[in-house]
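Subject: Structure handover and findings

Dear colleague,

Please find the structure below, together with its sequence. My notes on what was found in it follow directly after.

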Amino acid sequence: MWRSWLWRIAQLVLSLICAVLLSCALSALSRPAHGAFGYGQNLAASVVDSIHGRSGISSVTLHPALVDVFAAWPVTLGLLLSGGALALALGIPLGILLTNRMLLRIAGPLIQIVSATPLFAMCLLFAWWNTSALGRPLAGVLPSLIIGGVGAGYLQIALRRAVAVASGFPHRTGLRMMGLSALDVDLRYVLPEIVADMCVHFGAFVLVLLSAIAIVEFSFGIPGAASLFFASAVHRDWSVIALVLLSFAAAKLIADFLGWAIEHSLVKGRG
Amino acid sequence: MTQAAATSASFRSPPLGSIARATGLVGLGVFVLLIALSDVIARAPVGKEYHALAGQAPSAVFIFGTDALGHDLFSETIHAIAVSVPAAVAAAFVAIVLGAVAGFAAVRLPMRLGQPARGVVGVIGAVPALLLAIVLALLLSRNGIVFAAGLAAAPAAFMRSFDRAEAFADSRHAEFARATGIPATTLLRRDLVYEIRAHLISVACRSLALATMLLATLSFVGFGEMTHTRDLGRMIADARPMYLVEWWSLVFPVLALMVFILFARMAAFLDEGEAP
């Protein structure tokens with residue numbers, strides 16, 4: 001068992017190193033260069049700086065890029081956590097409801113239409129709704145609600161797939177024949193299978209939330225990491241761009257690892 | 001078939017799935033027709049302004065109304081579709097070649113180089129596709145937006161394709177082929193033919209839906225291609241300051257975009273709520 005842990009930790013470390021190198025390749029663009037050789041020199045300097053924990057200077061604010069990104073992340077983290085919590089609160093009941101084929105047939109077309117609507121259009125629609133008397137009380141939580149809705153959409157499908165896979169396991173029938181009640185089988189054997197299967201998607205879930213956060217921050221003018229990215233992209237502030245991308249990638253990769261670790265523990269727990 | 005694909009297929013009964021797919025393909029066909037006849041269907045040329053009739057609500061004369069600058073929104077939407085859809089098709093093609101096909105071929109790379117390649121693509125794909133597209137657009141200059149969107153959509157296609165190809169590579173027929181000395185390239189060709197036959201429409205329409213969303217969002221956030229004709233994303237962005245008063249300037253481009261993505265999703269046979 002420890003071998004798989006070592007292998008997965010090594011994979012995470014290698015992925016993070018790869019992400020840092022790609023980030024260095026971007027931040028090297030912030031230094032003036034002449035030709036490929038000049039860029040190579042800048043890249044080497046950027047890698048050395050990263051090793052020493054230096055992140056480069058923002059060409060817009062003239063602060064260290066790390067300071068700017070750290071200042072913006074709390075807002076994004078707040079949206080990530082609140083959106084994630086809402087996604088769990090909405091997505092799991094929705095997924096359970098939609099495992100019923102009849103309900104899925106009724107709600108399916110609506111879900112397809114909502115899924116086909118670009119998120120920025122959804123943000124504009126909610127911003128319009130926000131101006132009405134009905135929407136005004138929700139003004140503060142609207143960005144989190146939108147992010148939570150996107151996350152819920154992802155979770156419901158992950159849950160339905162996990163349920164479909166788990167309900168097809170042959171040992172379910174075998175355990176029933178051994179005298180266990182349906183509830184016992186579902187709680188002790190099927191539920192951990194479903195939870196484990198969903199944990200595998202934790203990284204993808206975080207990525208979905210981060211993608212939604214990027215558009216929501218832009219649409220509502222929220223000063224988070226994604227807004228910082230858009231502002232930096234306009235000014236080609238590569239040091240900040242590289243660092244924001246690195247932080248997003250690291251969040252997803254770490255979430256991937258955590259999801260695997262929980263799934264692995266559950267699988268081990270089941271013996 | 002992967003576990004996820006098998007589960008996805010089991011969600012809907014085949015006749016319902018076939019109807020949805022056929023509807024999606026017919027809908028995409030209608031869009032192609034619309035683009036081919038765009039200059040005939042649109043009454044006003046691109047950018048034509050009726051200053052005296054600015055901000056008109058939908059009526060018998062202007063069925064989608066006019067915007068604050070006096071553009072006939074029906075004609076502008078048709079022209080925008082004629083810009084957005086071909087760009088999305090080109091971006092989807094890039095995503096298919098550099099994502100789906102490359103992912104399929106990567107499994108057969110010598111010295112097990114496929115796994116490191118998957119790892120690197122996995123790291124690139126750990127960044128939201130929109131942000132990746134913006135970075136690539138900055139690197140490739142504003143004329144390379146379509147290519148940038150295709151490249152940004154490629155990691156997702158690469159990973160899915162890689163996982164499917166891995167299942168092929170570990171299958172019994174592959175073991176048998178290797179044992180009997182059939183060359184790896186022949187096996188790859190055979191698997192690719194089966195893959196294309198089984199999944200081409202699905203992969204292509206999925207990439208099309210993603211590329212359309214990406215390109216529209218890029219235009220909306222101000223990183224789209226700077227052409228004379230606006231695409232749907234830019235039309236929506238331009239409508240933003242006035243849409244609380246002139247709702248029609250936003251609704252029709254959004255509807256056009258939404259319907260196209262919906263058809264692409266249906267043709268790709270995506271599950272309810274599944275991201276392209």
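Where in chain A is confidence lowest, and where is it highest? The model is a predicted one, and within chain A the lowest confidence falls in helix α7 (residues 171–177) of chain A, with a mean of 75, whereas the highest is found in α9(A), at 95. Over chain A as a whole the mean pLDDT is 88, with 97% of its residues at 70 or more. For chain B the average pLDDT is 86, and 93% of the residues score at least 70. Please take care with residues 1–11 of chain B, where pLDDT stays under 50; for this stretch the model has 13 contacts beyond four places in sequence. The scores for the model are ipTM 0.91 and pTM 0.90.

Turning to chain B, its secondary structure consists of 11 helices and 0 strands, and its C-alpha trace spans about 80 × 45 × 30 Å along the principal axes. Of the 276 residues in chain B, 46% are buried. Among the contacts in chain B with a separation of 6 or more, 71% are between residues 24 or more positions apart.

The contact between the two chains takes 44 residues from chain A and 39 residues from chain B. On the side of chain B that touches chain A, the elements giving two or more residues are α1 (3–11), α5 (114–124), α6 (129–140), α9 (184–220) and α11 (248–268) of chain B, and α11(B) gives the most, with 7 residues. By class, that side of chain B has 27 nonpolar, 7 polar and 5 charged residues.

The largest nonpolar core has 152 residues, and helix α4 (residues 73–106) of chain B gives the most to this core, with 17 residues. The residues with the most contacts inside the core include A:Leu245, B:Ala149, B:Ala153 and B:Ala211. Leaving aside residues up to four places away in sequence, B:Ala211 touches B:Ala88, B:Ala91, B:Ala92, B:Ala95, B:Ala149, B:Gly150 and B:Ala153.

Helix α7 (residues 145–169) of chain B has 25 residues and reaches 35 Å from its first C-alpha to its last, close to the 36 Å expected at 1.5 Å a residue. Because 18 of its 25 residues are buried, α7(B) is largely enclosed by the rest of the structure.

In chain A, the 12 residues of helix α5 (residues 119–130) should span 16 Å at 1.5 Å a residue, which agrees with the 16 Å between its end C-alpha atoms. The residues A:Leu119, A:Phe120, A:Ala121, A:Cys123, A:Leu124 and A:Phe126 of α5(A) are buried. The buried residues of α5(A) pack against α6 (142–167) and α9 (202–220) of chain A, together with α9, α10 (232–239) and α11 of chain B.

Finally, is B:Val245 buried or exposed? B:Val245 lies in the loop between α10 and α11 of chain B, and it counts as exposed because 9 other C-beta atoms lie within 10 Å, where the cut-off for exposed is 12 or fewer. B:Val245 and B:Ala137 are 108 residues apart in sequence and 33 Å apart in space, C-alpha to C-alpha.

With best wishes

Conventions: Residues numbered from 1 in each chain as written. Chains lettered and ligands numbered in written order. Predicted model: local features only at pLDDT ≥ 70, side-chain atom pairs only at ≥ 80, totals over all residues. Contact = placed C-beta atoms within 7 Å. Helix = DSSP H or I, 4+ residues; strand = E, 2+ residues; numbered from the N terminus. Nonpolar A, V, L, I, M, F, W, Y, C, P; charged D, E, K, R; others polar. Expected span 1.5 Å × (residues − 1). Buried ≥ 20, exposed ≤ 12 C-beta atoms within 10 Å, placed from the backbone. Core = buried A, V, L, I, M, F, W, Y, C linked by C-beta atoms within 7 Å. pLDDT = per-residue confidence, 0-100.
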